[in-house]
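Colleague: Let's go through this model together. I'll ask, you answer.

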Amino acid sequence: MKRRFLKKSINRITAAKNIVTRKKRHRFPLFNLLLAVVLWVTLVVFFYSGRLLRPQTLTAGQRASETIIVSVDFISENLAATQARQRAAADAVLPVFSIDISTIESARAVLTTNQLMEIIPSEGQIDVQSIIFSALTRVGETGIISANDIKTKFNGAVSSGKVALRGSGKTDVIRTLESFTLQPDALKEAVAIIAKNLPRGSRNEETIRALIAPWLWPNLIYDAAETSARRVQASGLVDPVLEPVNTGTILIRNGDIVSEQTVKWLDAHEKQRSVLEPQADRIRRLAGNGMLLLIGLGVAAALAGLLQPALLHSRRHVLLLVTLSALPLIIGKGLLYATVDLHLIQPALLNFALPLSIAPLLASILLGSTPGLIAGLWVSFALAALLGGSFEVFVIGLLVSITSIYTTRDVKRRTALFRAGFWIGAIKILFALVMAIIKNSSWQVLLPQIGIAMLCGLVSALLAMLLIPIFEHLFKITTDISLLELSDLSHPLLQSLAINAPGTYHHSLMMASLAQNAAEAIGANGLRLRVCAYFHDIGKLAKPNFFSENIQFAENPHDELTPSMSTLVIVSHIKEGIALAKKYKLPQVVIDGIEQHQGTSIVSVFYHRAKNRQQKESSAGQLAINDEDFRYEGPRPQTREMAILMLADTCEAASRSLEKPTPVRITNLIDDLFDARLRDGQLDECTLTLAELNKIKQSFVFSLTNMLHGRVAYPKDENNSDKSAETPNQSTSYPQASR
């Protein structure tokens, strides 16, 4: 009889679910379709309108996989001729020199007037110091050079024999090396000048020579930094040498090594083809690429409908996926522009710099694995189409999408995202190594690819870590990362519950363990259930003493109330809980748990009390009691997690009424409670299957059996019998702690 009834109940639930599913299938998601159309049109215009340039797949140092022949006449730079002109312009820049007289200036502080008077005695008011240093300065300012510097031309720095001498003015003075004074000649000239201005009795040239020789050394200084800067500037002012390349010219043959000149030709060839593209061909290309993107978008939508049909009927989730997919596409277009037009990125690095992992990374964390796969597939397809149907980009996109989804399945801490970023970079590096073997690329090409691949993976993880809170707030989504933060029992609401409603607090903890184990048994989100269980009864903080688990040894306040009034008090804890949750800014998933954990179930204790009272006080004109007056407002559980929350709440509370909680009694109790919820229609709106219900039952039985296990008392301590006799109120046996 019981099985027959259960079967009828399940059939009724299945039929109701089928009706709802059919309605959802027939309901046309017009808003989501409009979003898809807007995304497609925007993408086509953004990607393909105007002049379209694609980066070269060939890079310097690798072997060409095909022969490339010129299809249109174009003009390109001749790198060899340009470099020759640049070298000539740089060589024409004279080396820059300056004259350093700091040594002479420092001698002034060493050789004082009194010292000089002792060495060179003079009569009258002659200032010997002024005479000596005036002569040294005069000779030093003309420039002193050594014979070896003239011979080696400053180790080849002055190949032409001319230098640009920097003076105090803005204009340099052009001089030859021979125009500077040799050190012996400079010393001789200085001695002559000094002797000429001294009295005849003080003109001892040997003494003067010995005095000034230490301060008169070669002072022509080569300014290498200024010379190099001027030569670089002169090279930059050289116009590139342009030469025509005619149609039919072979740019490179299959198997030849690609040179820098070949890359230059290929870029110029592509630009000229784009300029000469007829308007009709441009429209045809735009239409073809638009249809290609539409096919890719249709495949992504079909995959979503096949794997997760509810996704297409959620405006919020579709809008989030559109936003997440637009982000890497915009960045990808910018990187393409920086590569082709601005030449800021080497073409060989573009495929590994594209942000192919950011969309699947964020989508899998925010919405789950299936949306992550769909976002990754669509972004990979779109960016591959942008780069002219690049097979490499599409394969890299699929690899990093699968890696992103796999490494973020159980991410509960933000720092764990860097592990995902590392694996994304590692997969890109592995692909770079494979392609290097296939294309026979050089290490000069491979090493930058490895570096940019790892950098891109880590940057994607960092961006995801920064963007997750923003998307959580904008789209009202709660990730496991946020749920883990809420699972901290030091939350103010939980602390208040532990102090003011300890029975409810303990019930919530036991229920959390019960619900999480059941969720993990059927593959549901156990962390979400644990957090919802912690907060599901916070509304009882308003009137904690009106709930049985908190009454303990006090009088029951419901004894003084009517059944209908008691029901209002009990039911009100849902609204009170929602108000508290909003006040403390708890996420919507927790609010859903508060709102749905009782569904529209009946408050049976007071309903039966009201019926019994009516039977005792029955009269002819009295109306029958309506059970709707004793029900929660709902809604019923909408998801598997909320259904488990309801069942766990019921089973944990009811199990406390068992006097001897044996496994058989626990099993019978759970069977009765499940049947009651099924008969009452509380599980009609969730997606639990019969197999999942059976697994939940088994999990509940196992958990409750272990929670409610019996305990063995320790025997009485005979050594303390006398002491125990003196204190009769003290217990002499203690429960054995569970281990």
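Colleague: Which residues line the largest cavity?
Modeller: This is a predicted model: local features need pLDDT of at least 70, side-chain atom pairs count only at pLDDT 80 or more, and totals for chains, interfaces and linings use all residues. Residues are numbered from 1 along each chain as its sequence is written, and side-chain values use heavy atoms, leaving out hydrogens and water. A cavity is a set of points on a 1 Å grid over the protein atoms alone where a 1.4 Å probe fits but cannot get out; lining residues have an atom within 4 Å of a point. The lining is Gly539, Ala542, Lys543, Phe547, Val569, Ser572, His573 and Glu576.

Colleague: How much space lies in the largest cavity?
Modeller: The search of the whole structure finds 1 cavity of 30 Å³ or more. Volume here is the space filled by probe spheres set on the grid points, which are joined across faces, edges and corners. The value is about 30 Å³.

Colleague: Is isoleucine 481 buried or exposed?
Modeller: Isoleucine 481 lies in helix α21, residues 480–486. Buried means under 20% relative accessible area, exposed over 50%, partly exposed in between (1.4 Å probe, protein chains only). Isoleucine 481 has 1% relative accessibility, so it counts as buried.

Colleague: Which residues does isoleucine 481 touch, not counting those up to four places away in sequence?
Modeller: Contact means heavy atoms within 4.5 Å. Isoleucine 468 sits 13 residues away in sequence and 9.3 Å away in space, C-alpha to C-alpha. The list is Val411, Lys412, Arg413, Arg414 and Ile468.

Key: On a 1 Å grid over the protein atoms alone, a cavity is a set of points where a 1.4 Å probe fits but cannot get out, and a pocket is an open set with protein on both sides within 12 Å along at least five of seven lines; lining residues have an atom within 4 Å of a point. Helices (H or I, at least four residues) and strands (E, at least two) are DSSP runs, numbered from the N terminus.
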